[in-house]
2 protein chains.
Amino acid sequence: MATTDKASPRDRLLEAAADLFYREGVSVGVEALCRSAGVSKRSMYQLFDSKEEMLAASLERRRAWYETQLTHAEDASATPRERIRYVFERLEKSSGNPEYRGCPYLAVLVELKDPGHPASVVARDAKDRMESYFREQAGQGGAADPAGLARQLMLVFDGASARAGAHIEHLDDGLATGTATALMDAGGMA
Amino acid sequence: MATTDKASPRDRLLEAAADLFYREGVSVGVEALCRSAGVSKRSMYQLFDSKEEMLAASLERRRAWYETQLTHAEDASATPRERIRYVFERLEKSSGNPEYRGCPYLAVLVELKDPGHPASVVARDAKDRMESYFREQAGQGGAADPAGLARQLMLVFDGASARAGAHIEHLDDGLATGTATALMDAGGMA
């Protein structure tokens with residue numbers, strides 16, 4: 001996700017927005033965003049109608065990258081259980097980074113407290129896609145109730161990411177993967 | 001937690017702070033807080049050194065009430081499993097309120113992104129106390145690893161409260177209690 005001098009003002013703004021909102025929260029001001037991106041406020045408002053729209057676009061832009069990070073590399077040969085475990089293993093690995101602040105989509109939802117905000121809509125969609133992935137894998141793995149198991153796994157993922165992001169929990173001993181595994185066992189997954 | 005006209009400026013400020021920070025987030029300004037409390041900014045700064053200190057004090061003040069809400073009423077006769085289930089049942093009940101915005105302590109930690117902030121310290125302490133309660137109950141209930149089970153239950157509690165607070169999950173079908181119960185079973189609790 002490195003930016004270069006050749007990146008367009010739009011790209012530079014979206015990168016700066018993604019970084020700053022993640023590190024400091026959605027209350028970061030337009031001035032700080034423009035300064036970080038090296039773009040004038042006037043140019044910013046030519047590209048985006050509002051800060052809200054820029055926040056939503058920055059979340060949308062990173063989604064493909066985020067999902068790639070969480071998807072098992074050997075997807076063809078991996079079992080459903082391995083694919084689900086992989087998501088939690090990646091979470092555990094990411095959370096060891098001192099810069100980790102939790103799942104960016106959940107954080108935005110918690111901070112905005114407004115399901116109708118354009119950025120909340122993008123964030124919710126990202127979370128729904130993860131839940132769908134869990135449901136699909138749970139179904140392929142023979143879970144008795146794939147939808148219910150997927151919802152349980154989302155509680156664990158979001159609880160683990162929020163607690164690790166807030167630095168009140170460490171996942172480096174496999175806590176999240178272990179919890180997910182206990183629930184897959186209880187849910188009858190192969 | 002109703003305030004009356006006889007409440008002191010300090011009490012009115014702490015109530016307003018708890019309400020507004022919960023509903024709108026930690027970026028609520030001092031002016032809005034003072035207006036809501038009916039207290040001048042000058043008076044506020046005579047009572048609190050900073051907005052940060054006021055936020056921390058408002059969280060601290062509600063903690064006893066919050067913990068009472070989550071503690072089983074028939075504590076003497078309840079089994080450890082019933083006491084843990086009760087915490088999740090209360091969460092599920094609270095989350096049905098349209099005003100529900102998740103656990104106030106987790107939300108503050110996610111929003112501040114600063115473990116050293118005075119309000120983060122209070123919030124972390126509240127979360128640690130809940131984890132201790134789970135650990136104690138898990139131990140009394142014969143769990144193989146009470147500390148590990150308590151950490152798992154915290155993932156579920158915080159994931160459920162964050163997702164319900166963000167209105168991307170409904171807990172009214174017993175999702176949180178069911179997940180906690182599956183983990184208590186897996187953890188060997190009576």
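The contact between the two chains takes 37 residues from chain A and 38 residues from chain B, two residues being in contact if their C-beta atoms, placed from the backbone, lie within 7 Å. On the side of chain A that touches chain B, the elements giving two or more residues are helix 6 (104–112), helix 7 (118–140), helix 8 (146–165) and helix 9 (175–186) of chain A; helices (H or I, at least four residues) are DSSP runs, numbered from the N terminus. Helix 8 of chain A gives the most to this side, with 12 residues. By class, the side of chain A that touches chain B has 18 nonpolar, eight polar and 11 charged residues, where Ala, Val, Leu, Ile, Met, Phe, Trp, Tyr, Cys and Pro count as nonpolar, Asp, Glu, Lys and Arg as charged, and the others, Gly among them, as polar.

The model is predicted: local features need pLDDT of at least 70 and side-chain atom pairs count only at pLDDT 80 or more, whereas totals for chains, interfaces and linings use all residues. Residues are numbered from 1 along each chain as its sequence is written, and chains are lettered from A, with ligands numbered from 1, in the order in which they are written. The predictor gives the complex an ipTM of 0.94 and a pTM of 0.95. Chain A has a mean pLDDT of 94, and 96% of its residues reach 70 or more; pLDDT is the predictor's confidence in each residue, from 0 to 100.

The same surface serves both copies, as 100% of the contact residues of chain A recur in chain B.

The largest nonpolar core has 116 residues, and those with the most contacts inside it are L153(A), V156(A), L153(B) and V156(B). Such a core is a set of buried Ala, Val, Leu, Ile, Met, Phe, Trp, Tyr and Cys residues joined through C-beta atoms within 7 Å. A residue is buried if 20 or more other C-beta atoms lie within 10 Å of its own, exposed if 12 or fewer, and partly exposed in between. Leaving aside neighbours within four places in sequence, L153(B) is in contact with I84(B), F134(B), A180(B) and L183(B). F134(B), found in helix 7 of chain B, is buried because 26 other C-beta atoms lie within 10 Å. The C-alpha atoms of F134(B) and P146(B), 12 residues apart along the chain, are separated by 8.0 Å.

Helix 8 of chain B (residues 146–165) is mostly covered, with 18 of its 20 residues buried. Its reach from first to last C-alpha is 28 Å, close to the 28 Å expected at 1.5 Å a residue, the expected span being 1.5 Å times one less than the number of residues. This helix is followed by H167(B), which lies in the loop between helix 8 and helix 9 of chain B. H167(B) has a positive phi of about 60° although it is not a glycine, and counts as partly exposed, with 19 C-beta neighbours inside 10 Å. In chain A, K113(A) has a positive phi near 55° and is placed in the loop between helix 6 and helix 7.
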